[in-house]
Amino acid sequence: MPHPASATATPKTPLSRRTFMGLCAGTAATSWATASGLAAGCLSPAKVRTGYDVLEADHYQALKGRKLGLIANPTSVDRHLRHIADRLHAAPGVNLKAIFGPEHGFRGSAQAGHAETKSIDPRTGIPVYDMYTLSGPKLDALLKSADIDLLVFDIQDIGARFYTYIWSMFDALAACARCGIAFMVLDRPNPITGVHPSGPTLDPAFSSFVGRVPLLLRHGMTVGELARLFNSQFVPQQAGRPAQLSVIPMTGWRRDLYLDETDLVWVPPSPNMPDITTALAYPGTCLFEGTTLSVGRGTASPFLTLGAPDLDATRWVDSLNDAALPGCLFREDWFTPTADVAKEQLCHGLQLAITERRSFDPLLTGVTLLQSALKISDRPIWRKFGATFDILAGSSTLRQQLSQNLSVTEIMAGWKPEEAAFTQKRRPFLLY
C-alpha cells in the first residue's frame, strides 16, 4: 500500500449502537463478515477458481516451453494456501527462472514504502529480484538480465487506485512491450466487489507510483481487467505498442461478490491490510496518509483507526455519529501507532466500524471524515503543504474544495461525469 451489479444476498440489519460498542471493546477490529454471520456459514460461499487454479487444472499448458518469470507476493497462493512459486517450481515441464517482488517484497516482510533486497529464495533456489518502483530503462534492464520470455503476474489487489501492486503490473506490462516479453495475468477477485466505480479520476499531471494513468479512485475492476485496459489504452503510449498480453480468467466469480462471500481464503496483501473490512474502508481513509493524522499503522486496526496527539476526538466522533453516515458508526479511541505519523505517540482519535457494508460508501465516509477533521483542527492538517494528499487524491481539486468548505454533496456531485465516463470506458475490458 502507498506510503499510500445488484446484490443477491439480502443485506443484514445494521448493528445497534450497543452491539457496536460491544464489538469495539476489544483491541482488534471486528470484521463485518463475523458481525453479520457470513463467516459463520449462514450463506453458502461461491465456489471460485482463480486464474492460477484454472492454469493448474490445465496442467500448465500455457507455460510449457517458456522461460518463466513470476511477479508474486504472499497472496500468490492456490486454494490450499500453497505458494504458487513452490508449485510452479515443482511442476513438470515448467521452467521458473526468476521471481520479482513488489512493494513489501516477495515474502511480504517489508513495511510500507520498502521492499526486500535481491536474494535467492531458500525454498526453490530461484533468484528473487526487487522490482518495487522500477520503471522505464531500469526495469527493462532487470527483465532482460533475468533471461525470461514470459512474465506472469499473480497478486491480490484490493480495488483502490493508490494500492501499488497494479502499478507494478502496469510498469511491467510496458517493459514487456518494449522488450518483446509476453505477459500473463492470473486473475483474482476484486475483494471489495467489481461494482460501484467511484471517486475522482487521476489528473495525468499528478502521475506517480500510486497512480500512473487516469483511473477512478475506486476502479471496481480485477487485475486481469485492469491489465486489458492498460494494455489497450495506455501501454502503447509508453512503449510504442501493446504487450503480448494473455489473461487467465477466474471461474465462479460475480461482480457483486466480496471475497469472503467466496470459498477463497483471505491472505493479507500487505502488513497493514489485515482483513476485508480494512480493504473496504481503505479507498476513503487512506486519504489521511496525506494529512498530519495517523492512520493507525502498527495498531490492531490500521485505516480504521485515525487520530493525532492534539486532536479533540470527542467533538470529532460526536459530529460524525450525528451525521448518520450509512453503514458505519464511530467511537473514541486512544492508540499509539508504531510507524509513520505520530510514531510511538499517544493519539486521541476514533475507530470506524462498518456495520452494513452494502450501504457503506468509503468515499462518502472518507471525505466526511476529512471535512470534519478540518473543522475541529486548530492547525493545518496537510502534509508537505498538500502535495502528498494531492498525489493520493489524483489532483489538487479535492484538497482545495475541502479547504473552501464545499459540502460533501457538492464535492461528490462533481465526480459524476468522471464516474459515468470511466464506467463506459472500462466496459469493453470487463471479463465478468
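## Annotated regions

For this predicted model, the unreviewed UniProt entry lists residues 69–276 as "domain: Peptidoglycan beta-N-acetylmuramidase NamZ N-terminal". Over residues 69–276 the chain is 24% helix and 17% strand, with the end C-alpha atoms 29 Å apart.

A further annotation in the unreviewed UniProt entry, "domain: Peptidoglycan beta-N-acetylmuramidase NamZ C-terminal", covers residues 280–432. Over residues 280–432 the chain is 41% helix and 13% strand, and here the end C-alpha atoms are 20 Å apart.

## Confidence of the prediction

Averaged over the protein chain, the pLDDT is 90, and 90% of the residues score at least 70. Residues 4–41, however, have a pLDDT below 50, although this stretch has 61 contacts in the model beyond near neighbours in sequence. Where pLDDT is low, the predicted coordinates should not be read in detail.

## Helices H6 and H7

Helix H6, which spans residues 165–179, packs against helix H7, residues 223–233, at an angle of about 40°, and their axes are 10 Å apart. H6 and H7 are therefore oblique to each other, and their crossing is right-handed.

On the H6 side, Ile166, Trp167, Met169, Phe170 and Leu173 meet Val223, Leu226, Ala227, Phe230 and Asn231 of H7. Sorted by class, the contact of H6 with H7 has nine nonpolar residues, one polar residue and no charged residues.

## Helices H9 and H11

The axes of helix H9 (residues 276–285) and H11 come within 7 Å of each other and cross at roughly 50°. That angle makes H9 oblique to H11, and the crossing of the two helices is right-handed.

Leu280, Ala281, Pro283, Gly284 and Thr285 of H9 make this contact together with Pro362, Leu363, Gly366 and Leu369 of H11. The residues of the contact of H9 with H11 divide into six nonpolar and three polar, with no charged residues.

## Helices H10 and H11

Helix H10, residues 313–323, and helix H11, residues 362–376, pack at an angle of about 140°, with 10 Å between their axes. H10 is therefore oblique to H11, since only angles over 145 degrees would count as roughly antiparallel. H10 passes H11 in a right-handed crossing.

From H10, the contact draws on Arg315, Trp316, Ser319 and Leu320, while H11 supplies Thr368, Leu369, Ser372, Ala373, Lys375 and Ile376. By class, the contact of H10 with H11 comprises five nonpolar, three polar and two charged residues. Leu369 of H11 takes part in the contact with H9 and also in the contact with H10.

Note on methods:
Residues are numbered from 1 along each chain as its sequence is written. This is a predicted model: local features need pLDDT of at least 70, side-chain atom pairs count only at pLDDT 80 or more; totals for chains, interfaces and linings use all residues. Side-chain values use heavy atoms; hydrogens and water are left out. Axes are lines fitted to C-alpha atoms, for helices over the stretch in contact, and angles run from 0 to 180 degrees between N-to-C directions. Helices (H or I, at least four residues) and strands (E, at least two) are DSSP runs, numbered from the N terminus. Angles under 35 degrees count as roughly parallel, over 145 as roughly antiparallel, 65 to 115 as roughly perpendicular and the rest as oblique. A crossing is left-handed if the near helix is turned anticlockwise from the far one by less than a right angle, and right-handed if clockwise. Contact means heavy atoms within 4.5 Å. Ala, Val, Leu, Ile, Met, Phe, Trp, Tyr, Cys and Pro count as nonpolar, Asp, Glu, Lys and Arg as charged, and the others, Gly among them, as polar. UniProt positions are given in the numbering used here, feature names are shortened, and annotations may be inferred rather than shown by experiment. pLDDT is the predictor's confidence in each residue, from 0 to 100.
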